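Welcome! Here is a short tour for anyone meeting this structure for the first time. Please keep the 3D view open as you read.

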Amino acid sequence: MNKFSLKNAYDHNSQAFSADITVAERIDFYSKWCQSGEYEKDLSKGGTYNGPIIAGEAISRLYPDDKNIRILDIAAGTGYVGEELRNKGYFNLDALEPSKVMLQQAKDKKIYKNHICDILGGTAVHINDDEYDCTVVCGAMGEGHIPCSGLNEMIRVVKPGGVVCIVMREEYLFTVSEYKDRLEPLMKQLEDEGKWESKDRINFPNHFAGKSGVLFVFRVKCDGV
Ligand SMILES: C[S@@+](CC[C@H](N)C(=O)[O-])C[C@H]1O[C@@H](n2cnc3c(N)ncnc32)[C@H](O)[C@@H]1O
C-alpha cells in the first residue's frame with residue numbers, strides 16, 4: 001500500500017470515527033463511503049485492516065469442529081468477518097448492520113442467512129434472547145459507534161455457554177470518552193454479576209493501519225445466571 005492510499009484510508013476512517021457527527025450522519029457516511037467503492041479499497045482485509053482475520057481465527061479456535069454454530073456478526077459492514085468465517089467452513093451466519101447500503105453489499109456476497117438492519121444503542125434490537133451460539137463485533141467499538149450498553153445486547157442474544165467476541169482498536173479503550181474508565185470496568189462488572197466470564201484478552205499488532213488491536217472473548221452466563 002502506497003503512502004497516498006494509506007492516507008486516504010486513514011482520513012476516511014477518521015471521518016467515520018469523528019466525534020463531531022450524529023448517529024444518522026455516521027451511518028450516512030458509511031453508506032456513501034461504501035457506495036463510492038472506496039470502502040473496501042481503504043479497508044483492505046489483510047492489508048490496512050486485519051481485525052476481521054483476527055475475529056475469524058478466534059472463533060475457529062473456540063469452535064474448531066462445530067461448523068454449524070449460529071453466529072451473529074454485529075456491525076457486519078460489507079461482510080468481512082462473514083467472509084473469514086465462511087472460508088473456515090462456518091455457514092450459519094446472520095448479519096446485523098445499520099447501514100442499508102452496507103448490508104446490501106454484504107447480502108450480495110451471499111454469506112449470511114438473515115440480514116438485520118438495526119443498531120446497537122439504547123434500546124433492544126429485534127432479536128429474541130438466547131438465539132445465537134456466538135456474537136462477534138469487529139471494528140465497531142469506537143467514537144460514536146457501539147456504546148457500552150451494547151454489551152448487554154451482545155450477551156442477551158447469546159445462549160448460556162455461548163461466546164461473545166469483540167475485536168477493536170486498542171487505543172479506543174483510552175481515547176474514546178464513552179469507553180475510558182468505563183468499558184473494561186463494565187466488562188469486569190458483568191463478570192462479577194455472573195453474566196459472562198472473560199476467557200481471553202489478547203493484544204495484537206496492526207488491527208488497522210499499523211494501530212494495535214485487542215481481542216476480547218467472553219463465555220456467556222457461565223455461572224448459570
Ligand atoms: C469499520 S466498520 C466495520 C465493519 C465490519 N465489522 C468489519 O470489520 O469489516 C464499522 C461498522 O459499524 C457499524 N456501526 C456503527 N455504529 C453501530 C452501532 N451502534 N450498532 C451497530 N453497528 C454500528 C457501521 O455501520 C459500520 O458498518
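## Around the ligand

Let us begin with the ligand, which has 18 residues surrounding it; the closest are Tyr-49, Ala-75, Glu-97, Leu-120 and Cys-138. Please keep in mind that this is a predicted model. Where does the ligand sit? Its place is the largest pocket.

| Residue | Atom of the residue | Atom of the ligand | Distance |
|---|---|---|---|
| Tyr-49 | polar side-chain atom | oxygen | 2.6 Å |
| Ala-75 | backbone N or O atom | nitrogen | 2.7 Å |
| Cys-138 | backbone N or O atom | nitrogen | 2.7 Å |

On its own, the ligand has 590 Å² of accessible area, and the protein covers 98% of that.

## A helix to look at

Next, find helix H2, which runs over residues 23-35.

## Two residues with a positive phi

Now turn to Asp-130, in the loop that links strand E3 (114-116) with strand E4 (132-138). Its phi is near 55°, a positive value in a residue other than glycine. Is Asp-130 buried or partly exposed? Its relative accessible area is 32%, so Asp-130 counts as partly exposed, the class between 20% and 50%. In the sequence, Asp-130 and Lys-159 are 29 residues apart, yet in space their C-alpha atoms are separated by 4.0 Å.

Asn-206 also has a positive phi, of about 55°, although it is not a glycine. You will find Asn-206 in strand E6, which covers residues 196-208. With a relative accessibility of 29%, Asn-206 is partly exposed.

Strand E5 spans residues 158-169, and Arg-169 lies in it. Why is Arg-169 called buried? Its relative accessible area is 9%, and buried means under 20%, so Arg-169 belongs in that class. The side chain of Arg-169 is joined to that of Glu-171 by a polar contact of 2.9 Å.

Gly-142 is our last stop, in the loop between E4 and helix H7 (150-156). Gly-142 has a relative accessibility of 2%, so by the under 20% cut-off this glycine is buried.

Definitions and conventions
Residues numbered from 1 in each chain as written. Predicted model: local features only at pLDDT ≥ 70, side-chain atom pairs only at ≥ 80, totals over all residues. Heavy atoms only, no water. Helix = DSSP H or I, 4+ residues; strand = E, 2+ residues; numbered from the N terminus. Expected span 1.5 Å × (residues − 1). Near = heavy atom within 4 Å. Polar contact = N/O pair within 3.5 Å; in protein donor to acceptor, adjacent residues only side chain to side chain. Areas by Shrake-Rupley, 256 points an atom, 1.4 Å probe, with all protein chains shown as cover. 1 Å grid on protein atoms, 1.4 Å probe; cavity = no way out; pocket = protein on both sides within 12 Å on 5 of 7 lines; lining within 4 Å. Sits in = over half its atoms within 2 Å of the grid points. Buried < 20%, exposed > 50% of the residue type's maximum accessible area, 1.4 Å probe, protein only.
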